[in-house]
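Please look over the sequence and the model before reading on.

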Amino acid sequence: MSEQSDYRATALSFLKHSLEQLASALDDRSRRQARFLSLATIACDTDEDELPRPTARTVVMRDWTSAPPVWQFHTDRRAAKVSERSLSHQLSAVFWDSSSQLQIRLLGTASECRDAAVVHKVWNDLGARGQQSFWRHEAPGTGLAHPTALTFAKTVEAAARGDESLVSPHFMLVDVAVSAVDCLSLADDPHHRVQGQWRQDGWEARWVAP
Ligand SMILES: Cc1cc2nc3c(=O)[nH]c(=O)nc-3n(C[C@H](O)[C@H](O)[C@H](O)COP(=O)(O)O)c2cc1C
């Protein structure tokens, strides 16, 4: 059996290979687009008598850990996606890597990463320009008279001169613990699709029709 067909031998090896593609996309500059995930949550601004409303947006996957499976993104803690009620539901995210023609859907639960060393590292890696939006007074979604009518607690220059260990209180690093995945490869004919459930210390996988 060739090395290439090897990973297709079982649903489990196919699933693991798919997740390796996801992990490698994080470090591969030529596949940067794959780090942009569509993240869907349940909107929390609905009234009690309204049906739950899904809402989706793009976020950048910053890190991936394979066992247990956890992915990470950062955001402004005032954003709708991380409000208390949104975080109490499961989150669904879609990864699409056009170079490997691979879609992975990730279901999971989110929590704030409170490891100060990790938070500081991610914050410092952003640089003063990347950090600036977290020094903005206006929360995401606040009405504006004009797109430039924004005010900041720190300018980029002040942030660059400032104490690197001072993290904006609005900055939030989110860990999403993955409980299930659905991997679909369009590179195969017929298309291959596998579903997996994370069980304590390993994946359970099965083939399903694409
Ligand atoms: C390419 C791209 C990458 C983005 N990455 C992030 C991100 O990593 N974190 C984030 O909070 N918002 C990110 N955004 C902005 C979100 O898509 C969204 O507009 C914003 O976070 C407000 O979302 P919410 O009101 O649903 O919370 C990104 C947008 C684009 C277009």
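## Basis of the model

The model is predicted; local features need pLDDT of at least 70, side-chain atom pairs count only at pLDDT 80 or more, and totals for chains, interfaces and linings use all residues. Residue numbers start from 1 along each chain as its sequence is written.

## Overall fold

The protein chain has five helices and nine strands. Helices (H or I, at least four residues) and strands (E, at least two) are DSSP runs, numbered from the N terminus. Their order along the sequence is α-α-β-β-β-β-α-β-β-α-α-β-β-β. The C-alpha trace spans about 60 × 45 × 35 Å along its principal axes.

Of the 210 residues in the protein chain, 23% are buried. A residue is buried if 20 or more other C-beta atoms lie within 10 Å of its own, exposed if 12 or fewer, and partly exposed in between, with C-beta atoms placed from the backbone. Contacts are pairs of residues whose C-beta atoms, placed from the backbone, lie within 7 Å. Among contacts between residues at least 6 apart in sequence, 60% join residues at least 24 apart.

Strand 1 (residues 36-42) runs antiparallel to strand 2, with seven bridges joining them; Ile 42 stands opposite Pro 54 of strand 2. Strand 1 also pairs with strand 5 in the antiparallel sense, over three bridges. In strand 5, Ser 92 is the bridge partner of Ala 40, and Val 94 is that of Ser 38.

In a regular strand the side chains alternate between the two faces of the sheet.

Strand 5 (residues 91-97) is mostly covered, with five of its seven residues buried. Strand 5 is joined by seven bridges to strand 6 (residues 102-112), and the two run antiparallel. Trp 96 stands opposite Gln 103 in strand 6. Strands 5 and 6 form a hairpin with four residues between them, and Gln 101 in the turn has a positive phi of about 55°.

## Nonpolar core

A nonpolar core is a set of buried Ala, Val, Leu, Ile, Met, Phe, Trp, Tyr and Cys residues joined through C-beta atoms within 7 Å. The largest one has 31 residues, and Leu 15, Phe 95, Ile 104 and Leu 106 have the most contacts inside it. Elements that each supply at least two residues of this core include helix 2 (11-27), helix 4 (116-131) and strand 7 (171-185).

Leaving aside residues up to four places away in sequence, Leu 106 touches Trp 71, Ala 93, Phe 95, Val 178 and Val 181.

## Lys 16

Lys 16 lies in helix 2. Lys 16 counts as partly exposed because it has 18 C-beta neighbours inside 10 Å. Lys 16 and Pro 210 are 194 residues apart in sequence and 18 Å apart in space, C-alpha to C-alpha.

Note on methods:
Two strands pair if DSSP finds at least two bridges between them. Two residues are in contact if their C-beta atoms, placed from the backbone, lie within 7 Å.
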